[in-house]
Amino acid sequence: MASAEANEGDRAVELIVSDASSPPEAAAAAADVNGDTPEITPLLNQSEKPKINIFAISYPRRNPREQIIRSHDAEVSPAVQCALWVWSGSRYSGLLCMAASSVIYFLMEAVSDAFSAQLIPLFETAFARSTLILIASYLWLRKGGQPLFEPKHARKLLFSRALLGYLSLMSFIYCIQRLPLSQAIVLSFTTPIMASIAARFILQEKLRIGDIGGLACSYFGVLFIFQQMLVTQGGLNKAGKAQAYAKGSHHILAVLVGLFSAITGGISYCLIRAGAKETDQPMVTVFSFALLASPAAGLCAFSLEDFVLPSYYTVFLMVVFGVLAFLAELLLARALQLEKTSKVSNIQFIEVALSQLWGIGARRLYPSFGRLVGCFLILISACSTMYCGPDKETA
């Protein structure tokens, strides 16, 4: 309770503060008529704690994810909401991210078939694509305020992932230059199987019978699709001329290099999962790979091949492919971060099925019995994996 008195002579204003618990008479008696300054009592005693203040008011707690989703619901478009839901809004997000990554790789193949461009050597293509991935991942991390090489104890893990990923890429390029395309694809799609086996020993993941059956069903689907092409020796290039592939001991060497690419790629998948979980940021694994692959691929392109100056149209297509490859790599890393390796690896086979169905629909491929059976096996295996969903230990 406060009272004020004003003196006409000297215009002095006196303020007296009293405790709210004291009676009004005691507060009035505290004023000195002779002009003595009364003792001012503090509003709050040091020994007593306030019962209610602005810091003690309790607010209802909400799930941060719900707050983010609700705030986005009112601000962003449905397409962005769908992307956020695929990224982290569902317990199926790991499987959905791998499905989206496979669809993007299929779109890259479809765009490449639909828009013919200048023929660029493979190492030069790998250099351009890795450089675009490096730039995009660097800008992503900087814009989000994420450190590039943190935490320190994960640097060896990220370097190992980058090194094995680069070795797998270079081995696949060598393989695709020496073997028919069908054989190179069949060898490259042993990578999901190698990744599941490596995850059993490196990450101590349980390989269940259902996972083994799904991977076997999908791989048999790949064999059904390419069975007719596998027995064909040689092939045709875009000009319609016969291409000469490695034979004899050189053919065996190319097959062994293809298997080496699959093994290193499978181990790289495990390191991507470990690195993404250790750093809590899948983009760091993408950046570390591009940081090593870009200069190494550039060195190979300028030393082992004749450099081809691309046209403006080809540069535009290379930029489009680089952006798509960046999104596909990011979604793959996110999928491996969220879900068990054997499950997301099985989803990766749908790229082959979509590519074959697109070729049949565009009348570029003949709808043979083996091709249709292979696509059916892959889609059934992928749908069963999606239906079973994530395991309890990774959900």
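Predicted model: local features only at pLDDT ≥ 70, side-chain atom pairs only at ≥ 80, totals over all residues.
Q: What is the mean pLDDT of the protein?
A: The pLDDT is the predictor's confidence in each residue, from 0 to 100. Its mean over the protein is 78, and 74% of the residues reach 70 or more. Residues 1–9 stay under 50, and the model has 16 contacts for them beyond four places in sequence; a contact means heavy atoms within 4.5 Å. Residues 25–35 also have pLDDT below 50, with four contacts beyond near neighbours in sequence.

Q: How many helices and strands does the protein have?
A: There are 15 helices and four strands. Both are DSSP runs numbered from the N terminus: helices are H or I with at least four residues, strands are E with at least two.

Q: Why is Cys97 called buried?
A: Buried means under 20% relative accessible area, exposed over 50%, and partly exposed in between (1.4 Å probe, protein chains only). Cys97 has a relative accessible area of 0%, so Cys97 is buried. Across the protein, buried residues make up 39% of the 395 residues.

Q: What makes Cys383 count as exposed?
A: Cys383 has 52% relative accessibility, which is over 50%, so Cys383 counts as exposed. Cys383 lies in helix H15 (residues 369–388). Cys383 and Gly214 are 169 residues apart in sequence and 9.8 Å apart in space, C-alpha to C-alpha.

Q: How many disulfides does a search of the whole structure find?
A: The search finds zero disulfides. A disulfide is a pair of cysteine sulfur atoms within 2.5 Å.

Q: At what angle do the axes of H3 and H4 cross?
A: The axes of H3 (residues 78–88) and H4 (residues 93–114) cross at roughly 115° and come within 6 Å. Axes are lines fitted to C-alpha atoms, for helices over the stretch in contact, with angles from 0 to 180 degrees between N-to-C directions. Trp85, Val86, Trp87 and Ser88 in H3 meet Ser93, Leu96 and Cys97 in H4. The residues of this contact divide into five nonpolar, two polar and no charged. Here Ala, Val, Leu, Ile, Met, Phe, Trp, Tyr, Cys and Pro count as nonpolar, Asp, Glu, Lys and Arg as charged, and the others, Gly among them, as polar.

Q: What makes the reach of H6 close to the expected one?
A: H6 (residues 155–178) has 24 residues and reaches 35 Å from its first C-alpha to its last, close to the expected 34 Å. The expected span is 1.5 Å times one less than the number of residues. Among the buried residues of H6 are Leu158, Arg161 and Ser171.

Q: Why does Val257 count as buried?
A: Val257 has 18% relative accessibility, which is under 20%, so Val257 counts as buried. Val257 is found in helix H10 (residues 249–279). Not counting residues up to four places away in sequence, Val257 touches Ser171 and Tyr174.

Note on methods: Residues numbered from 1 in each chain as written. Heavy atoms only, no water.
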